[in-house]
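Subject: Model handover and findings

Hello,

My notes come after it.

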Amino acid sequence: MQQIHILVVDDNEGDILLTREALDDAQFINKVSIANDGMEALRFLKKQVGGSGMPDLILLDINLPKMDGTELLGIIKADPDLRRIPVIMLTTSSAEKDILASYDNYANCYITKPVDLDRFMDVVRTIEDFWISIVKLPKPAH
């Protein structure tokens, strides 16, 4: 089975645990890396450039300490070594300004996190199913 590496960038431990649980339940073999803020995620990504640890997909929250998700998204999409990684905004915000800012910075999609536990798990499983079994992802740049 194909190994898929997902970087989850979120500062909410509960959401991280639920996301991991939903990904672990799936039929795909996943490597999940976690960054708790935008700066940590950027350091992680820069360290992976040219190596084998580059994620295939990023799940990015907007409301993060140190550097918010929209700013990080802009940096990722402006960097030739990172821009091809699909970035899914997965956040509690449903504000139109956040949606527009995300798409203006080339987010691949924007999903508002459901507050219901079962619905949240379904959303993560659906993301995984669509982005891993249906979508053809580019191979990470090495």
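This is a predicted model: local features need pLDDT of at least 70, side-chain atom pairs count only at pLDDT 80 or more; totals for chains, interfaces and linings use all residues.

Residues are numbered from 1 along each chain as its sequence is written, and side-chain values use heavy atoms, with hydrogens and water left out.

Strands

Helices (H or I, at least four residues) and strands (E, at least two) are DSSP runs, numbered from the N terminus. Start with strand E4, residues 87-91. Five of its five residues are buried (under 20% relative accessible area; exposed is over 50%, partly exposed in between; 1.4 Å probe, protein chains only). In a regular strand, side chains alternate between the two faces of the sheet. Both faces of E4 are covered: Val87, Met89 and Thr91 lie on one side, Ile88 and Leu90 on the other.

E4 runs parallel to strand E3 (residues 57-60), joined by three bridges. Pairing requires at least two DSSP bridges between two strands. Ile58 has Val87 of E4 as its bridge partner. From E3 the chain passes through helix H3 (residues 69-78) to E4, a right-handed β-α-β crossover. Right-handed here means that, with the strands pointing away from the viewer, the path from the first strand over the helix to the second runs clockwise.

E4 also pairs with strand E5 (residues 109-112), in the parallel sense, over four bridges. Met89 sits opposite Tyr110 of E5. E4, helix H4 (residues 96-104) and E5 form a right-handed β-α-β unit.

Strand E1 (residues 3-9) has six of its seven residues buried. Four bridges pair E1 with E3, again in the parallel sense. Val8 has Leu59 of E3 as its bridge partner.

Helices

The axes of helix H2 (residues 38-48) and H3 come within 9 Å and cross at roughly 20°. Axes are lines fitted to C-alpha atoms, for helices over the stretch in contact, with angles from 0 to 180 degrees between N-to-C directions. H2 is therefore roughly parallel to H3 (under 35 degrees). Gly38, Ala41, Leu42 and Leu45 of H2 meet Leu72, Ile75 and Ile76 of H3. Contact means heavy atoms within 4.5 Å.

Last, Thr19 in helix H1 (residues 13-25). Is Thr19 buried or exposed? Buried, with a relative accessible area of 2%. Leaving aside neighbours within four places in sequence, Thr19 contacts Val8, Leu59, Phe120 and Val124. The C-alpha atoms of Thr19 and Phe120 are 8.3 Å apart, across 101 residues of chain.

Best wishes

Conventions
Angles under 35 degrees count as roughly parallel, over 145 as roughly antiparallel, 65 to 115 as roughly perpendicular and the rest as oblique.
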